[in-house]
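Subject: Structure for you to look at

Hello,

Here is the structure I said I would pass on. Please open it first and keep it beside you while you read the notes below.

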Amino acid sequence: MLVSQQQKLQDEIRALAARHGRTRAALVPILQDLQVRYASVSDFAMQVVADEVGIHPAEVYGVVSFYAFLHSQPSGRFQIRLCQTISCDLAGKARVARQLENELGIRFGETTPDGRFSLEWASCLGMCDQGPALLVNDRVYTRVSAEQVHRIIDDCRKVFGAHAAQAAHAAHA
Amino acid sequence: MQPTSSKKTPLTFDTIAPGQGLAAALKKSRADIIGEVSASNLRGRGGAGFPTGTKWNLAAAAQGQDGGAKYVVCNADEGEPGTFKDRVLLLEYTDLVFEGMTIAARAIGATKGILYLRGEYVYMRPHLDGVLAARRTAGQLGANILGTTGFTFDIDIRMGAGAYVCGEETALIESLEGHRGEPRNRPPFPVNTGFLGQPTVVNNVETLASVSAILAKGAAWFRAIGTEKSAGFKLFSVSGDCGAPGVYEFPLGITVAALLEKVGGTGAKAVQIGGASGVCVPASEFGRRIAFEDLATGGSIIVFGQGRDMLHVAKNFMEFFVEESCGQCTPCRAGNAKLLEGIEMLERGACSSAYLRELLNLCETMQLASKCGLGQSSPNAFVSIVTHFQDEILGRTAAAH
Ligand SMILES: Cc1cc2nc3c(=O)[nH]c(=O)nc-3n(C[C@H](O)[C@H](O)[C@H](O)COP(=O)(O)O)c2cc1C
Ligand code: SF4
Ligand code: FES
């Protein structure tokens, strides 16, 4: 990572710590904000966080590795999480899963080479009466059929395109 | 593809005007608030069924360290497979939930509340933050609530991060304190030594909404519904093979058969009561009652139609537990993996009945020796499925399924 990027990340983590508090109880909220912004919590970020809340980096790693929604490895800009639990299973999650793999060209647990999509299994999402259910980042899709999978992914691609255009615009402005 | 409302019946909560319960509570002494909750016989709606009044009494009597704060935590981790009624309460009866937390705070002398919301429900944040802001503006949160001198209380929202075990109250507290969500030994209990070592009441979303209703309408009204040991109405999250899955309200004590009739599930082969950690009830036992004294549940009802392969069901539950065990203690960590292996042997038709008996012994060990409720209850579904559907799972051939 470039020194300037490191500096920026460090400043950002300090700002997060100032907001959430420099205590151990603030650890998970700080990590969650980093996860949202960077789609992972890097080794470097974990070190800075550890300094800020006054614990050993190994402790931070222990926490990151425990929670399914925190990642130490880069994950996709869009995290697709398909519920694998019983009611969605009965409702036909297997075919949705297969079609997700087909459309994205990756298996569960993998990220597309362009870094846009990660595919993961999730436990019950609390949408059991409307399964199969999946989450794309924080958005819920219910009663998903294999046939609808490509539309969900297209939606993401459009959002991504819009973001990229916005970012480019911001950079030029 | 967009979620729709899950509500399938009108709820008693529709008849409770927001604010009514809190106003009634603030006219009472603290002891009388707890007295009302105790007299209602309300038992925890999160699954374990602990009497709410008793829990509050313990927390009220407990002394905070160094005169520190006491806490009220609303458990909105809703991770039990097949459970989604708290989602409806959080989105459609939000004020009743926050009001219940405020009543609890008044009763035990807490100044801080935390709503622990599962990470999967992060899409609710704008709504929940908006309701909290409105309550502050209305003087229902903050200093001297509704003009009650010295009653100061506010609520923060903290997000879970994708761990079922964090619904267990001591793991939840560990998570709030910035640790891995690994359950603690109990005692000490959270009512004495909870968040940051301070007395803490942890209650389920529905329990807290029910408190608002009880204060509004009185303990006698609530106790008149349900059975003697299981007072009140209860929300049920119904999914699986039935005509109209969704959220229903029934009085506790309803039979499985009566429930199936209401949800369009008659003719079912079996029903899982209480989620992955609950038990699987075969059709021959549909006369049993859903109540703390018979089939206890946090409200998860999963219906299995005639064509379903019960071993496949058992396998799905066991995969869930292998995935979600925190791995802290051996009976649970190793036991669930061993049971899953056993299920795979059964699938291949390669399990002797002697080995199956060994697995059932292992289940008993797990139920007794696991550190928390996850490991203690993870064998339940397997045991009940093996017991009731033995001829379906032994001696399989590859072609059969
Ligand atoms: C593995 C495990 C998961 C749990 N998940 C939840 C949950 O998601 N929501 C909940 O209210 N209680 C859950 N509980 C029960 C809590 O530990 C606790 O008993 C409950 O929050 C107390 O509230 P109540 O008395 O109002 O039910 C869980 C228990 C275990 C062992
Ligand atoms: S029973 Fe399972 S989840 Fe509970 S503490 Fe032991 S390993 Fe962790
Ligand atoms: S089983 Fe899939 S959302 Fe509950």
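A residue is called buried when its relative accessible area is under 20%, exposed when it is over 50%, and partly exposed in between (1.4 Å probe, protein chains only). By that rule, Arg308(B) is partly exposed at 26%.

Two notes on conventions. The model is predicted, so local features need pLDDT of at least 70 and side-chain atom pairs count only at pLDDT 80 or more, while totals for chains, interfaces and linings use all residues. Residues are numbered from 1 along each chain as its sequence is written, chains are lettered from A and ligands numbered from 1 in the order in which they are written, and side-chain values use heavy atoms, with hydrogens and water left out.

Chain A

Read from the N terminus, the order is α-α-α-α-β-α-α-β-β-β-α. The C-alpha trace spans about 45 × 40 × 25 Å along its principal axes. Chain A has 173 residues, and 53% of them count as buried.

A contact means heavy atoms within 4.5 Å. Among contacts in chain A with a separation of 6 or more, 60% are between residues 24 or more positions apart.

Where the chains meet

On the interface, 38 residues of chain A are in contact with 53 residues of chain B. About 3,500 Å² is buried between the two chains, and carbon and sulfur atoms give 57% of that. Buried area here is the accessible area (1.4 Å probe) that two parts lose on being put together, summed over both. Of the area that chain B buries against chain A, Met1(B), Ala161(B) and Arg180(B) supply 21%, more than any other three residues.

How many salt bridges does the rule find across the interface of chain B and chain A? There is one, and Asp129(A) and Arg87(B) form a salt bridge with N to O at 3.2 Å. The rule asks for a side-chain nitrogen of Lys or Arg within 4 Å of a carboxyl oxygen of Asp or Glu.

Salt bridges within the chains

Over all chains the structure holds 32 salt bridges. In chain A, Glu59(A) pairs with Arg24(A), with the closest N and O atoms 2.6 Å apart. Glu59(A) lies in helix H4 (residues 57–66) and Arg24(A) in the loop between helix H1 (3–20) and helix H2 (27–38), so the pair ties together parts that are 35 residues apart in sequence. Glu59(A) is partly exposed at 38%, whereas Arg24(A) counts as buried at 18%.

In chain B, Arg308(B) and Asp241(B) meet in a salt bridge at 2.8 Å, N to O. This pair links distant parts of the chain, 67 residues apart: Arg308(B) is in the loop between strand E9 (300–304) and helix H11 (310–324), and Asp241(B) in the loop between strand E5 (233–240) and strand E6 (246–251). Asp241(B) is partly exposed, at 25% relative accessibility.

Another pair in chain B is Glu92(B) and Lys7(B), at 3.8 Å, N to O. Glu92(B) is in helix H4 (residues 85–92) and Lys7(B) in the segment before H1, 85 residues apart. Finally, Lys85(B), Asp86(B), Glu206(B) and Lys234(B) are linked in a network of salt bridges.

Regards

Technical notes
Helices (H or I, at least four residues) and strands (E, at least two) are DSSP runs, numbered from the N terminus.
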